[in-house]
Amino acid sequence: MQLNQVIVVHKAGDRQSKEWADRACRQLQQRGANVLVGPSGPKDNPYPVFMASVTEPIDLAVVLGGDGTSLAAARHLAAAGVPILAVNVGGHLGFLTEPLELFRDMEAVWDRLERDEYAMQQRMMLQAQVLEGSKWHPEVVGDRYYALNEMCIKPASADRMITAILEMEIDGDVVDQYQGDGLLVATPTGSTCYTVAANGPILHPGMEALVVTPICPLSLSSRPIVLPARSAVSIWPLDDHSLNTKLWMDGVLATSIWPGQRVQVTMADCQARFIILRDHYSFYQTLREKLAWAGARIPYHNNHRN
(Lines give C-alpha, C1' and ligand atoms only; values in the text may rest on other atoms or scores of the structure.)
Protein backbone atom coordinates (compact mmCIF):
# COMPACT_ATOMS: atom_id res chain seq x y z
CA MET A 1 0.00 0.00 0.00
CA GLN A 2 1.19 3.49 -0.85
CA LEU A 3 0.80 6.10 1.87
CA ASN A 4 0.82 9.23 -0.25
CA GLN A 5 -2.63 10.65 0.54
CA VAL A 6 -4.06 9.77 3.96
CA ILE A 7 -7.00 11.10 5.94
CA VAL A 8 -7.09 10.79 9.73
CA VAL A 9 -10.47 11.03 11.46
CA HIS A 10 -10.96 11.22 15.22
CA LYS A 11 -14.07 11.02 17.39
CA ALA A 12 -15.40 14.52 17.97
CA GLY A 13 -15.15 15.67 21.58
CA ASP A 14 -12.87 12.82 22.68
CA ARG A 15 -9.48 14.01 23.89
CA GLN A 16 -7.78 10.61 23.70
CA SER A 17 -8.89 10.10 20.12
CA LYS A 18 -7.63 13.58 19.17
CA GLU A 19 -4.22 12.92 20.75
CA TRP A 20 -3.79 9.68 18.83
CA ALA A 21 -4.86 11.42 15.62
CA ASP A 22 -2.28 14.18 16.07
CA ARG A 23 0.42 11.62 16.70
CA ALA A 24 -0.56 9.60 13.62
CA CYS A 25 -0.58 12.76 11.52
CA ARG A 26 2.95 13.72 12.59
CA GLN A 27 4.35 10.27 11.84
CA LEU A 28 2.69 10.02 8.43
CA GLN A 29 3.88 13.47 7.44
CA GLN A 30 7.42 12.51 8.42
CA ARG A 31 7.08 9.63 5.94
CA GLY A 32 6.15 12.09 3.19
CA ALA A 33 2.38 11.58 3.21
CA ASN A 34 -0.09 14.37 2.56
CA VAL A 35 -2.42 14.13 5.56
CA LEU A 36 -5.82 15.68 6.26
CA VAL A 37 -7.20 15.53 9.81
CA GLY A 38 -10.69 16.23 11.14
CA PRO A 39 -13.31 15.28 13.76
CA SER A 40 -16.33 13.10 13.10
CA GLY A 41 -19.49 13.17 15.19
CA PRO A 42 -23.19 14.09 15.26
CA LYS A 43 -22.36 17.72 14.46
CA ASP A 44 -19.09 17.19 12.56
CA ASN A 45 -18.75 15.74 9.07
CA PRO A 46 -15.24 16.16 7.63
CA TYR A 47 -15.72 13.97 4.56
CA PRO A 48 -17.15 16.51 2.08
CA VAL A 49 -14.18 18.79 2.80
CA PHE A 50 -11.75 15.87 2.52
CA MET A 51 -13.14 14.73 -0.83
CA ALA A 52 -13.14 18.26 -2.22
CA SER A 53 -9.61 19.01 -1.01
CA VAL A 54 -7.65 16.04 -2.32
CA THR A 55 -6.09 16.07 -5.75
CA GLU A 56 -4.96 12.43 -5.61
CA PRO A 57 -6.85 9.24 -4.70
CA ILE A 58 -7.00 8.61 -0.95
CA ASP A 59 -4.77 5.66 -0.10
CA LEU A 60 -5.91 5.16 3.49
CA ALA A 61 -8.40 6.43 6.04
CA VAL A 62 -7.32 6.09 9.67
CA VAL A 63 -10.47 6.26 11.78
CA LEU A 64 -9.96 6.62 15.53
CA GLY A 65 -13.11 6.22 17.59
CA GLY A 66 -15.85 3.65 18.05
CA ASP A 67 -18.37 1.92 15.85
CA GLY A 68 -20.31 5.13 15.19
CA THR A 69 -17.19 6.82 13.82
CA SER A 70 -16.47 3.78 11.67
CA LEU A 71 -20.02 3.70 10.31
CA ALA A 72 -19.78 7.33 9.23
CA ALA A 73 -16.48 6.60 7.47
CA ALA A 74 -17.99 3.66 5.61
CA ARG A 75 -21.00 5.68 4.43
CA HIS A 76 -18.81 8.40 2.95
CA LEU A 77 -15.80 6.41 1.71
CA ALA A 78 -17.16 3.11 0.42
CA ALA A 79 -18.20 4.52 -2.95
CA ALA A 80 -14.64 5.75 -3.51
CA GLY A 81 -13.14 2.39 -2.48
CA VAL A 82 -11.00 3.90 0.28
CA PRO A 83 -9.51 1.32 2.71
CA ILE A 84 -10.44 2.06 6.33
CA LEU A 85 -8.22 1.29 9.30
CA ALA A 86 -10.65 1.66 12.21
CA VAL A 87 -9.14 1.61 15.71
CA ASN A 88 -11.14 1.56 18.94
CA VAL A 89 -10.06 4.78 20.68
CA GLY A 90 -12.78 6.17 22.94
CA GLY A 91 -15.40 3.73 21.65
CA HIS A 92 -17.58 1.21 23.46
CA LEU A 93 -18.31 -2.20 21.90
CA GLY A 94 -15.94 -1.90 18.95
CA PHE A 95 -17.51 -4.47 16.61
CA LEU A 96 -15.96 -2.82 13.55
CA THR A 97 -12.63 -1.69 15.00
CA GLU A 98 -9.18 -3.08 15.61
CA PRO A 99 -8.05 -3.12 19.27
CA LEU A 100 -5.92 -0.19 20.40
CA GLU A 101 -3.18 -2.56 21.56
CA LEU A 102 -2.29 -3.31 17.93
CA PHE A 103 -2.03 0.41 17.16
CA ARG A 104 0.19 1.58 20.01
CA ASP A 105 3.34 1.05 17.95
CA MET A 106 2.13 3.15 15.03
CA GLU A 107 5.44 3.15 13.20
CA ALA A 108 5.22 -0.63 12.99
CA VAL A 109 1.65 -0.32 11.68
CA TRP A 110 2.72 2.02 8.86
CA ASP A 111 5.53 -0.41 7.98
CA ARG A 112 3.07 -3.30 7.83
CA LEU A 113 0.72 -1.35 5.58
CA GLU A 114 3.52 -0.39 3.19
CA ARG A 115 4.62 -4.06 3.05
CA ASP A 116 1.00 -5.20 2.48
CA GLU A 117 1.06 -7.29 5.66
CA TYR A 118 -2.62 -7.06 6.49
CA ALA A 119 -5.98 -8.52 5.51
CA MET A 120 -8.81 -6.66 3.82
CA GLN A 121 -12.40 -7.37 4.80
CA GLN A 122 -15.13 -6.23 2.42
CA ARG A 123 -18.58 -5.71 3.87
CA MET A 124 -21.87 -5.35 2.05
CA MET A 125 -23.66 -2.01 2.23
CA LEU A 126 -27.19 -0.81 1.57
CA GLN A 127 -28.49 2.02 -0.55
CA ALA A 128 -31.89 3.66 -0.24
CA GLN A 129 -33.83 6.03 -2.46
CA VAL A 130 -37.14 7.79 -1.97
CA LEU A 131 -39.57 7.26 -4.86
CA GLU A 132 -42.90 8.78 -5.77
CA GLY A 133 -45.44 8.45 -8.53
CA SER A 134 -46.62 5.30 -10.30
CA LYS A 135 -45.48 1.96 -8.95
CA TRP A 136 -44.27 0.91 -12.40
CA HIS A 137 -42.82 4.28 -13.46
CA PRO A 138 -41.53 5.86 -10.25
CA GLU A 139 -39.59 9.08 -10.01
CA VAL A 140 -36.52 9.31 -7.78
CA VAL A 141 -36.72 12.10 -5.19
CA GLY A 142 -33.63 13.49 -3.50
CA ASP A 143 -30.29 11.80 -2.87
CA ARG A 144 -29.10 8.23 -2.68
CA TYR A 145 -28.38 7.21 0.91
CA TYR A 146 -25.87 4.61 2.08
CA ALA A 147 -25.67 2.53 5.24
CA LEU A 148 -23.37 -0.18 6.53
CA ASN A 149 -25.62 -1.38 9.38
CA GLU A 150 -29.23 -0.71 8.49
CA MET A 151 -31.88 1.49 6.99
CA CYS A 152 -34.70 2.25 9.41
CA ILE A 153 -38.14 3.59 8.56
CA LYS A 154 -40.02 4.86 11.60
CA PRO A 155 -41.87 7.95 12.83
CA ALA A 156 -40.27 10.73 14.83
CA SER A 157 -42.19 13.22 16.93
CA ALA A 158 -41.15 15.52 19.75
CA ASP A 159 -44.35 15.20 21.78
CA ARG A 160 -45.77 11.69 21.32
CA MET A 161 -44.94 8.08 20.45
CA ILE A 162 -46.44 7.43 17.03
CA THR A 163 -47.36 3.99 15.73
CA ALA A 164 -46.15 3.40 12.19
CA ILE A 165 -48.32 1.67 9.60
CA LEU A 166 -45.99 0.41 6.88
CA GLU A 167 -46.64 -1.76 3.84
CA MET A 168 -43.69 -3.75 2.52
CA GLU A 169 -43.16 -5.09 -0.97
CA ILE A 170 -40.34 -7.42 -1.98
CA ASP A 171 -39.54 -7.46 -5.70
CA GLY A 172 -43.01 -6.04 -6.42
CA ASP A 173 -44.98 -8.49 -4.26
CA VAL A 174 -46.79 -7.22 -1.17
CA VAL A 175 -45.58 -9.12 1.90
CA ASP A 176 -47.42 -7.55 4.84
CA GLN A 177 -48.64 -4.39 6.49
CA TYR A 178 -46.87 -3.74 9.77
CA GLN A 179 -48.11 -1.74 12.73
CA GLY A 180 -45.55 -0.89 15.35
CA ASP A 181 -42.51 1.29 15.91
CA GLY A 182 -41.05 0.80 12.42
CA LEU A 183 -39.08 -1.50 10.13
CA LEU A 184 -35.36 -2.28 9.87
CA VAL A 185 -33.63 -3.41 6.69
CA ALA A 186 -30.15 -4.52 7.70
CA THR A 187 -26.98 -6.01 6.29
CA PRO A 188 -25.26 -8.99 7.94
CA THR A 189 -22.92 -6.45 9.55
CA GLY A 190 -25.92 -4.62 10.99
CA SER A 191 -27.51 -7.83 12.26
CA THR A 192 -25.53 -7.45 15.51
CA CYS A 193 -26.73 -3.89 16.13
CA TYR A 194 -30.30 -2.51 16.16
CA THR A 195 -31.58 -5.67 14.46
CA VAL A 196 -30.45 -8.05 17.20
CA ALA A 197 -31.88 -5.64 19.78
CA ALA A 198 -35.22 -5.96 17.94
CA ASN A 199 -34.98 -9.77 18.23
CA GLY A 200 -33.70 -10.32 14.70
CA PRO A 201 -31.21 -13.01 13.61
CA ILE A 202 -27.42 -12.73 13.66
CA LEU A 203 -25.79 -13.21 10.25
CA HIS A 204 -22.13 -13.69 9.47
CA PRO A 205 -20.71 -10.52 7.85
CA GLY A 206 -19.17 -12.60 5.09
CA MET A 207 -22.66 -13.25 3.72
CA GLU A 208 -24.65 -11.14 1.30
CA ALA A 209 -28.27 -10.90 2.44
CA LEU A 210 -30.94 -8.48 3.60
CA VAL A 211 -32.60 -8.83 7.01
CA VAL A 212 -36.01 -7.21 7.49
CA THR A 213 -37.04 -6.90 11.14
CA PRO A 214 -40.20 -5.27 12.55
CA ILE A 215 -39.61 -3.03 15.57
CA CYS A 216 -42.06 -3.83 18.38
CA PRO A 217 -44.87 -4.99 16.05
CA LEU A 218 -48.44 -5.06 17.34
CA SER A 219 -49.02 -8.46 15.72
CA LEU A 220 -47.43 -11.68 17.00
CA SER A 221 -47.34 -12.95 13.41
CA SER A 222 -44.90 -10.24 12.32
CA ARG A 223 -41.50 -11.90 12.21
CA PRO A 224 -38.01 -11.09 10.87
CA ILE A 225 -37.25 -12.36 7.37
CA VAL A 226 -33.92 -12.99 5.61
CA LEU A 227 -33.86 -12.18 1.89
CA PRO A 228 -31.48 -12.72 -1.03
CA ALA A 229 -29.06 -9.83 -1.39
CA ARG A 230 -30.41 -8.82 -4.80
CA SER A 231 -33.94 -8.26 -3.48
CA ALA A 232 -35.56 -4.85 -3.74
CA VAL A 233 -37.48 -3.90 -0.59
CA SER A 234 -40.06 -1.13 -0.97
CA ILE A 235 -41.71 0.35 2.12
CA TRP A 236 -44.80 2.57 1.92
CA PRO A 237 -45.90 4.63 4.93
CA LEU A 238 -49.68 4.47 5.26
CA ASP A 239 -52.03 6.82 7.09
CA ASP A 240 -49.29 9.43 7.71
CA HIS A 241 -50.61 12.90 6.95
CA SER A 242 -48.24 14.91 9.14
CA LEU A 243 -44.81 14.07 7.67
CA ASN A 244 -43.84 12.01 10.72
CA THR A 245 -42.19 9.08 8.95
CA LYS A 246 -38.42 9.35 8.57
CA LEU A 247 -35.67 7.38 6.89
CA TRP A 248 -32.64 6.75 9.11
CA MET A 249 -29.27 5.41 7.94
CA ASP A 250 -27.11 3.80 10.65
CA GLY A 251 -29.03 5.80 13.25
CA VAL A 252 -28.52 9.12 11.43
CA LEU A 253 -31.50 10.98 9.97
CA ALA A 254 -31.46 10.79 6.17
CA THR A 255 -34.73 12.41 5.10
CA SER A 256 -38.45 12.75 5.74
CA ILE A 257 -40.93 10.71 3.72
CA TRP A 258 -43.90 12.66 2.35
CA PRO A 259 -47.34 11.07 2.04
CA GLY A 260 -47.49 9.07 -1.19
CA GLN A 261 -43.74 8.47 -1.26
CA ARG A 262 -41.97 5.19 -0.55
CA VAL A 263 -38.47 4.01 0.27
CA GLN A 264 -36.68 1.42 -1.85
CA VAL A 265 -33.77 -0.37 -0.19
CA THR A 266 -31.33 -2.53 -2.14
CA MET A 267 -27.80 -3.80 -1.86
CA ALA A 268 -25.38 -1.00 -2.69
CA ASP A 269 -23.09 -1.16 -5.70
CA CYS A 270 -20.08 -0.61 -3.42
CA GLN A 271 -18.61 -2.28 -0.36
CA ALA A 272 -16.91 -0.98 2.76
CA ARG A 273 -13.26 -2.04 2.95
CA PHE A 274 -11.83 -2.56 6.44
CA ILE A 275 -8.18 -3.33 7.16
CA ILE A 276 -7.60 -6.21 9.61
CA LEU A 277 -4.36 -6.15 11.58
CA ARG A 278 -5.13 -9.10 13.87
CA ASP A 279 -3.35 -12.30 12.92
CA HIS A 280 -6.29 -14.51 13.89
CA TYR A 281 -9.49 -12.54 13.34
CA SER A 282 -12.62 -14.49 14.31
CA PHE A 283 -16.18 -13.22 14.04
CA TYR A 284 -17.27 -15.81 16.59
CA GLN A 285 -14.69 -14.58 19.08
CA THR A 286 -16.03 -11.07 18.52
CA LEU A 287 -19.54 -12.31 19.33
CA ARG A 288 -18.35 -14.01 22.51
CA GLU A 289 -16.44 -10.97 23.72
CA LYS A 290 -18.64 -8.08 22.60
CA LEU A 291 -22.00 -9.67 23.45
CA ALA A 292 -20.59 -11.27 26.62
CA TRP A 293 -22.25 -14.59 25.88
CA ALA A 294 -22.58 -16.27 29.25
CA GLY A 295 -22.20 -19.81 27.94
CA ALA A 296 -18.63 -19.12 26.86
CA ARG A 297 -17.75 -18.14 30.45
CA ILE A 298 -18.78 -21.43 32.06
CA PRO A 299 -15.61 -23.41 32.87
CA TYR A 300 -16.44 -26.70 31.14
CA HIS A 301 -13.60 -28.45 29.33
CA ASN A 302 -13.94 -30.06 25.93
CA ASN A 303 -11.51 -32.97 26.01
CA HIS A 304 -12.66 -34.13 22.58
CA ARG A 305 -10.52 -31.39 21.03
CA ASN A 306 -7.33 -33.23 22.04
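Me: Which residues does Val-263 touch, not counting residues up to four places away in sequence?

Reply: Contact means heavy atoms within 4.5 Å. Val-263 touches Ala-128, Gln-129, Val-130, Ile-153, Val-233, Ser-234, Ile-235, Leu-247 and Ile-257, leaving out residues up to four places away in sequence. This is a predicted model: local features need pLDDT of at least 70, side-chain atom pairs count only at pLDDT 80 or more, and totals for chains, interfaces and linings use all residues. Residues are numbered from 1 along each chain as its sequence is written, and side-chain values use heavy atoms, with hydrogens and water left out.

Me: How many residues has the largest nonpolar core?

Reply: A nonpolar core is a set of buried Ala, Val, Leu, Ile, Met, Phe, Trp, Tyr and Cys residues joined through side-chain atoms within 4.5 Å. Buried means under 20% relative accessible area (1.4 Å probe, protein chains only). The largest core here has 28 residues. Met-151, Met-168, Val-233, Ile-235, Leu-247 and Val-263 have the most contacts inside it. Another core, of 25 residues, lies apart from it and includes Val-6 and Val-109.

Me: Why is helix 3 largely enclosed?

Reply: Helices are DSSP runs (H or I, at least four residues), and strands are runs of E, at least two; both are numbered from the N terminus. Nine of the 11 residues of helix 3 (67–77) are buried, so the rest of the structure largely encloses this helix. Among the buried ones are Asp-67, Arg-75 and Leu-77.

Me: What is the strand order in the open sheet?

Reply: Two strands pair if DSSP finds at least two bridges between them. The six strands run 12-11-10-7-14-15, with antiparallel pairing. Strands 12 (225–228) and 15 (252–256) are at the edges with a single partner each, so one side of each lacks a neighbour in the sheet.

Methods:
Buried < 20%, exposed > 50% of the residue type's maximum accessible area, 1.4 Å probe, protein only.
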